[in-house]
Amino acid sequence: MRTLRQKIAEDPFLGLLLVAPLLFWVIVTLVYPLLYASQLGFYNVRYVGAPARFIGLSNYSRILGDPNFWKACLRSLIWTVCNVAFQVLGSLLVALVLNQRFRGRTLIRNWIILPWVLPTVVLAIMWTWILDPTHGVVNYLLKSGGLIASPLKFLSSPQWVMPTVIFINVWRWTPYFAIIVLAALQTIPKELMEAALVDGASVMRRFWHITLPTIRPVLSVITLISFLWSINIFDTIWLLTRGGPLDFTTTLPIYIYKRAFQDFRFSEAAAMSVIMFLFLLGFAVAYLRTLFREGAEG
Amino acid sequence: MKGIKTVAKYLSVFAVISFFASPMYWVLICSFKPTPELLSLKPTFVPHSFTLEHYRRLFQQVDFLRYYYNSFLVASSTALITALAATFAAYSVYRCRYPGRRFMFRLFLVSYVFPKILVLIPLYILFARIGILDSPLALVAAHVTLTAPFSVWILRAFFESVPKEVEEAALVDGATRVQIIFRIFIPLAAPGVAAVGINAFLMSWSEYLFASTLVISDQFKTLPVGMSFFLQQYAIEWGIMMAGSVLIALPPIIGFAIAGKYFIQGLTAGSVK
């Protein structure tokens with residue numbers, strides 16, 4: 001006779017019925033677009049409703065020979081690597097600070113995520129104002145501190161714009177990851193730390209031999225998440241700089257957008273996004289493996 | 001020695017808080033400064049006078065209420081649909097057993113690494129063909145895709161915390177599966193559902209790429225698109241922008257004050273085993 005537990009578990013009809021709405025949605029708005037974009041890449045569609053002609057791999061060969069495409073890839077690489085490095089290190093640092101025992105820590109630990117809660121357009125307005133060359137408070141402070149003679153054009157000079165946009169994005173995402181690292185830090189058994197303290201282990205030794213090994217799985221998960229999210233970021237860069245000045249912040253998503261909606265080369269943009277997706281898929285598989293190695297599957 | 005340690009501890013905490021809080025403090029106080037003080041070349045760190053003129057002018061010069069209404073409509077619809085679809089799907093994936101369940105779970109997990117830009121072009125063409133381009137509906141459809149699959153993942157920890165025995169007891173008492181889901185399961189996992197709804201609201205409220213391409217006419221524009229237009233002006237009206245920023249940031253902050261605890265719970269439980 002089947003037990004009750006099995007009876008609950010084995011009702012395939014209900015299970016499929018419940019998952020159907022989301023599955024349908026994902027197929028229509030993700031799987032179909034993916035297939036459609038791959039197909040579009042072989043045609044020469046320039047805008048919606050334009051007649052399509054099959055041109056084989058022409059789009060792909062044009063992209064691979066386009067120096068601007070490779071420049072955008074390089075900028076994406078710089079953008080992503082810097083973002084991941086600073087977000088992961090920054091979140092570790094912030095989490096270690098907030099892991100101390102201090103007054104009001106519950107409140108602070110919950111509200112530290114506020115920069116992430118801010119809508120992107122607010123983020124853009126806020127930093128454009130703060131970093132403004134004429135009225136911005138940062139230039140005022142640097143100037144009155146005697147650090148600079150003339151105001152820095154953070155968002156409009158070629159040498160400053162990329163570091164500035166990276167800084168702003170890191171400022172926003174660090175608290176988000178810090179919360180996750182903080183939760184991991186709190187899983188370290190108190191007895192272990194106390195025993196190490198009794199044995200006279202220094203702060204550095206405790207960090208290297210107890211803290212770091214415990215939170216390493218979480219650090220690898222957030223490294224991958226940060227990578228996948230950073231590389232796809234469009235809104236923040238676009239609202240701050242529109243990819244400028246002179247393409248200096250035109251990362252791959254920005255370049256694809258410009259090709260599609262400013263140069264009206266839908267097919268070429270679709271082909272580029274397919275290339276980007278295939279590249280990301282490799283990392284997505286790595287991400288799933290990391291997650292499942294932690295035994296996270298339901 | 002102990003005194004120095006305490007001082008160092010509070011200094012480090014203070015440094016972290018001010019690094020993240022001071023830009024927000026700055027925008028908040030600037031939104032209340034009269035224009036001469038706001039644009040003065042010697043900024044005041046504690047405002048000398050207080051005015052609501054920027055807020056008044058915001059409503060006069062920008063169709064702010066319309067954008068606000070549009071954003072609210074899109075974000076709450078997205079939150080509602082996401083919460084429903086993700087709850088059902090999560091129940092199915094975590095509590096039912098059928099062939100293809102593991103695949104389904106992985107599909108949802110992978111879907112949030114899609115480049116948004118990859119989906120944008122085909123969706124734009126698809127929506128244009130079926131005639132829903134340039135409507136709030138198109139935006140909601142796109143936003144649910146951004147939020148729902150990840151929500152299934154957030155819900156995992158909450159759903160696993162509901163003991164199987166509770167469901168079994170209800171089944172013995174003659175309740176149907178659908179009754180169990182609505183009367184027992186969802187109330188018990190309510191914090192998770194709230195977290196998912198808040199997250200979806202935040203994402204949709206803030207989203208710019210889809211909002212700026214799938215909606216064209218001014219009457220359907222959402223806040224991020226409406227306000228970003230003013231960011232591109234040659235002479236930016238800073239007072240109005242500050243006031244607008246405060247008002248745009250307000251609903252997410254309120255939402256977070258209400259359900260942020262659960263959101264953080266879901267976020268951390270998903271990543272930390």
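Biologist: How far apart are the mean positions of the positive and negative charges of chain B?

Modeller: They are 10 Å apart. Chain B has 22 positive and 12 negative charges. Keep in mind that this is a predicted model.

Biologist: How many helices and strands does chain B have?

Modeller: There are 13 helices and zero strands. Read along the sequence, the pattern is α-α-α-α-α-α-α-α-α-α-α-α-α.

Biologist: What does the C-alpha trace of chain B span?

Modeller: About 70 × 70 × 35 Å along its principal axes.

Biologist: What share of the contacts in chain B join residues at least 24 apart?

Modeller: The share is 71%, counted among contacts between residues at least 6 apart in sequence.

Biologist: Switching to voids. How many cavities of 30 Å³ or more are there?

Modeller: The count comes to five. The largest cavity has a volume of about 720 Å³.

Biologist: Which residues are closest to the centre of that one?

Modeller: A:W173, A:W229, B:K116, B:L146 and B:M203. They belong to a lining of 33 residues.

Biologist: Which helices supply at least two residues of that lining?

Modeller: From chain A, they are α6 (114–117), α9 (158–185), α11 (203–232) and α12 (235–241). From chain B, they are α6 (116–130), α7 (136–160) and α10 (190–206).

Biologist: Now the largest pocket. How much space lies in it?

Modeller: About 1,500 Å³. Its lining has 27 residues, and the closest to the centre are A:L96, A:N99, A:Q100, A:R101 and A:R206.

Biologist: Which elements give two or more residues to the pocket lining?

Modeller: In chain A, α4 (67–98), α5 (105–111), α10 (190–198) and α11 do. In chain B, α1 (2–30) does.

Biologist: Which of them gives the largest share?

Modeller: α1(B), with six residues.

Biologist: Let's do single residues. Where does B:S92 lie?

Modeller: B:S92 lies in helix α4 of chain B, residues 64–95.

Biologist: Why does B:S92 count as buried?

Modeller: Because its relative accessibility is 0%, and buried means under 20%.

Biologist: What is B:S92 in contact with, leaving aside neighbours within four places in sequence?

Modeller: Residues from both chains. From chain A, the contacts are A:G15, A:L18 and A:V19. From chain B, they are B:Y98 and B:R101.

Biologist: Next, B:F230. Is it buried or partly exposed?

Modeller: B:F230 is partly exposed, with a relative accessible area of 24%. It is found in helix α12 of chain B, residues 223–231.

Biologist: How far is A:F283 from A:F227, in sequence and in space?

Modeller: They are 56 residues apart in sequence and 8.8 Å apart in space, C-alpha to C-alpha. A:F283 is in contact with A:F227, and also with A:L224 and A:L228, leaving aside neighbours within four places in sequence.

Biologist: Last topic, backbone. What is phi of A:R242?

Modeller: Near 55°, a positive value in a residue other than glycine. A:R242 sits in the loop between α12 and α13 (252–261) of chain A.

Biologist: What about phi of A:L246?

Modeller: Phi of A:L246 is positive, about 50°, and A:L246 is not a glycine. Its place is in the loop between α12 and α13 of chain A.

Biologist: Why is A:L246 called exposed, and where does that leave A:R242?

Modeller: A:L246 has a relative accessible area of 73%, and exposed means over 50%. A:R242 has 25%, so A:R242 is partly exposed.

Definitions and conventions. Residues are numbered from 1 along each chain as its sequence is written. Chains are lettered from A and ligands numbered from 1 in the order in which they are written. This is a predicted model: local features need pLDDT of at least 70, side-chain atom pairs count only at pLDDT 80 or more; totals for chains, interfaces and linings use all residues. Side-chain values use heavy atoms; hydrogens and water are left out. Helices (H or I, at least four residues) and strands (E, at least two) are DSSP runs, numbered from the N terminus. Contact means heavy atoms within 4.5 Å. Lys and Arg count as positive and Asp and Glu as negative; His and the chain ends are not counted. The place of a charge is taken as NZ of Lys, CZ of Arg, CG of Asp or CD of Glu. On a 1 Å grid over the protein atoms alone, a cavity is a set of points where a 1.4 Å probe fits but cannot get out, and a pocket is an open set with protein on both sides within 12 Å along at least five of seven lines; lining residues have an atom within 4 Å of a point. Grid points are joined across faces, edges and corners, and a volume is the space filled by probe spheres set on the points. Buried means under 20% relative accessible area, exposed over 50%, partly exposed in between (1.4 Å probe, protein chains only).
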